[in-house]
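Here is a protein chain to read alongside a set of questions about the terms used to describe it. Each answer sets a value against the rule behind the word.

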Amino acid sequence: MKVVEATRVGLWLVLLVFMASMVEHGVGQGCTRTFVSVLLQLMPCRPAVAPFSLIPPSETCCSALRDLGQPCLCVLLNGPPLSGVDRTSTLQLPAKCAINYAPCDGGI
């Protein structure tokens with residue numbers, strides 16, 4: 001009987017650790033916006049992220065990026081490919097705008 005009880009306690013501990021790790025991962029997810037609304041807010045950045053563009057991001061672009069926040073930028077970067085948008089340039093936007101965002105997790 002003690003083996004069965006120890007196994008149950010062990011399974012509950014594993015389940016609790018798993019659930020805690022999921023909560024911790026979700027803390028950084030904070031974007032409540034949709035992919036389309038994120039895309040629309042960053043429209044001022046389009047000239048800076050067009051393929052082969054040498055145009056730096058405008059102050060309007062950087063301001064929009066600051067207002068949007070890192071979690072919402074990750075929504076855009078982890079979303080479907082966008083025609084006319086270079087992902088590498090988009091990844092570089094925070095640095096070019098002097099914004100210190102952590103890298104995005106996911107498919108990038």
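Predicted model: local features only at pLDDT ≥ 70, side-chain atom pairs only at ≥ 80, totals over all residues.

Residues are numbered from 1 along each chain as its sequence is written, and side-chain values use heavy atoms, with hydrogens and water left out.

Q: What makes the pattern of the protein chain α-α-α-α-α-α?
A: The protein chain has 6 helices and 0 strands, where helices (H or I, at least four residues) and strands (E, at least two) are DSSP runs numbered from the N terminus. Read along the sequence, these elements give the pattern α-α-α-α-α-α.

Q: How many of the residues of H5 are buried, and which are they?
A: Buried means under 20% relative accessible area, exposed over 50%, and partly exposed in between (1.4 Å probe, protein chains only). In H5, 6 of the 8 residues are buried, and the helix is mostly covered; these are Gln70, Cys72, Leu73, Cys74, Leu76 and Leu77. They pack against helix H2 (35–41), H4 and H6. For the whole protein chain of 108 residues, 26% count as buried.

Q: Why are H5 and H6 called roughly antiparallel?
A: Helix H5 (residues 70–77) and helix H6 (residues 87–96) pack at an angle of about 175°, with their axes 11 Å apart; axes are lines fitted to C-alpha atoms, for helices over the stretch in contact, and angles run from 0 to 180 degrees between N-to-C directions. Angles under 35 degrees count as roughly parallel, over 145 as roughly antiparallel, 65 to 115 as roughly perpendicular and the rest as oblique, and H5 and H6 are therefore roughly antiparallel to each other.

Q: Which residues of H5 and H6 meet?
A: Leu73, Leu76 and Leu77 in H5 meet Arg87, Thr90, Leu91 and Pro94 in H6, contact being heavy atoms within 4.5 Å.

Q: How do you know that the buried residues of H6 line one face of the helix?
A: Ser89, Thr90, Leu93 and Pro94 are buried in H6. Seen down the axis of H6, these residues fall within an arc of 155° (the arc of the directions from the helix axis to the C-beta atoms), so they line one face of the helix. The buried residues of H6 pack against helix H3 (46–49), helix H4 (59–68) and H5.

Q: What puts the buried residues of H4 on the same side?
A: The buried residues of H4 are Cys61, Cys62, Ala64, Leu65 and Leu68. They cover an arc of only 160° around the axis, which puts them on the same side of H4, whereas Glu59, Thr60 and Asp67 are exposed on the other side.

Q: Are the two partners, glutamate 59 and arginine 66, exposed or partly exposed?
A: Glutamate 59 counts as exposed at 56% relative accessibility, while arginine 66, with a relative accessible area of 41%, is partly exposed.
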